[in-house]
Amino acid sequence: MKAAPTRKRFGFGRMPALINIDLQKAYTCVGEFATAYETDPHQLDHVNELAAEFRSKGFPVVWTYVAYMASGEDCGVWGTRTNTPDSLQNIKVGSRRAEFDDRLKVDLERDIIINKRMASAFFETNLSSIFTYHGVDTVVVTGGSTSGCVRATVVDSLQRSFRTIVPEECVADKHESPHFANLYDMALKYADVISVKETLDGLRQLAPAPGVRA
């Protein structure tokens with residue numbers, strides 16, 4: 001697929017935004033939570049490097065997390081499949097499972113933080129209006145899971161006509177099979193699936209956002 005791509009890349013526009021999907025302890029603290037997973041052991045380091053580059057250019061950096069009311073009703077029918085301590089709807093607001101991983105470098109003053117309830121970062125959140133305000137035309141997606149919330153966000157991003165990029169070392173899944181199958185499918189249809197190095201190289205070629213010194 002990489003050696004003989006079936007379509008040309010979307011590439012970068014002029015104003016990219018970074019969406020880091022659900023890099024919270026429920027999904028990153030392997031050995032502590034049954035729901036956690038890891039694909040690339042350096043994933044969070046790569047995400048931090050990307051976030052720093054985005055900030056240096058004045059481009060938006062978004063972090064999403066999932067967390068629900070005590071009743072779990074805001075998880076809807078999605079939360080009716082199981083009801084165990086590890087279940088999705090039992091990630092409660094303010095709980096350790098809802099916290100961002102301690103290894104992440106989140107700028108609480110500058111970064112945009114969104115509590116999402118469903119798979120896509122765009123579903124019933126204010127993300128689209130934020131991107132309209134900033135004039136975003138390109139979306140870079142990291143986080144997890146590749147086959148779940150990352151894929152849902154990527155599809156929604158393309159459907160909103162954003163150029164969409166997935167740095168492959170920056171996404172993860174519980175199992176390798178869905179991880180690589182979904183990377184392949186996204187590369188075929190919905191996004192540029194490229195290395196984090198290529199992503200950083202592309203970013204560094206862009207002019208900073210208006211008002212930001214190079």
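A buried aspartate and the core

Guide: Apart from its neighbours within four places in sequence, aspartate 111 is in contact with Arg55, Val61, Trp63, Lys105 and Val106. Contact here means heavy atoms within 4.5 Å. Before going on, note that this is a predicted model, where local features need pLDDT of at least 70 and side-chain atom pairs count only at pLDDT 80 or more, while totals for chains, interfaces and linings use all residues. Residues are numbered from 1 along each chain as its sequence is written, and side-chain values use heavy atoms, with hydrogens and water left out.

Aspartate 111 sits in the loop between strand 2 and strand 3. Helices (H or I, at least four residues) and strands (E, at least two) are DSSP runs, numbered from the N terminus. The relative accessible area of aspartate 111 is 9%, so this residue is buried. Buried means under 20% relative accessible area, exposed over 50%, and partly exposed in between, with a 1.4 Å probe and protein chains only.

One of the residues around aspartate 111, Arg55, also meets it through a polar contact between the two side chains, at 2.8 Å. Such a contact is a pair of N or O atoms within 3.5 Å; within protein, one must be able to donate a hydrogen and the other to accept it, and residues adjacent in sequence count only if both atoms are side-chain atoms.

The largest nonpolar core has 59 residues, and Ile19, Trp63, Leu127 and Phe131 touch the most other members. A nonpolar core is a set of buried Ala, Val, Leu, Ile, Met, Phe, Trp, Tyr and Cys residues joined through side-chain atoms within 4.5 Å. In soluble globular proteins, nonpolar side chains tend to be buried together.

Leu127 and Phe131, together with Ile130, are the buried residues of helix 3 (residues 127-134). They cover an arc of only 95 degrees around the axis, so they lie on the same side of helix 3; the arc is that of the directions from the helix axis to the C-beta atoms. Their cover includes strand 1 (16-21), strand 2 (61-66), strand 3 (112-116) and strand 4 (138-144). Leucine 127 itself, leaving aside neighbours within four places in sequence, is in contact with Ile19, Val62, Ile114, Ala121 and Phe122. On the face turned away from the buried side, helix 3 carries the exposed residues Thr132 and Tyr133. After helix 3 comes glycine 135, with a positive phi near 70 degrees.
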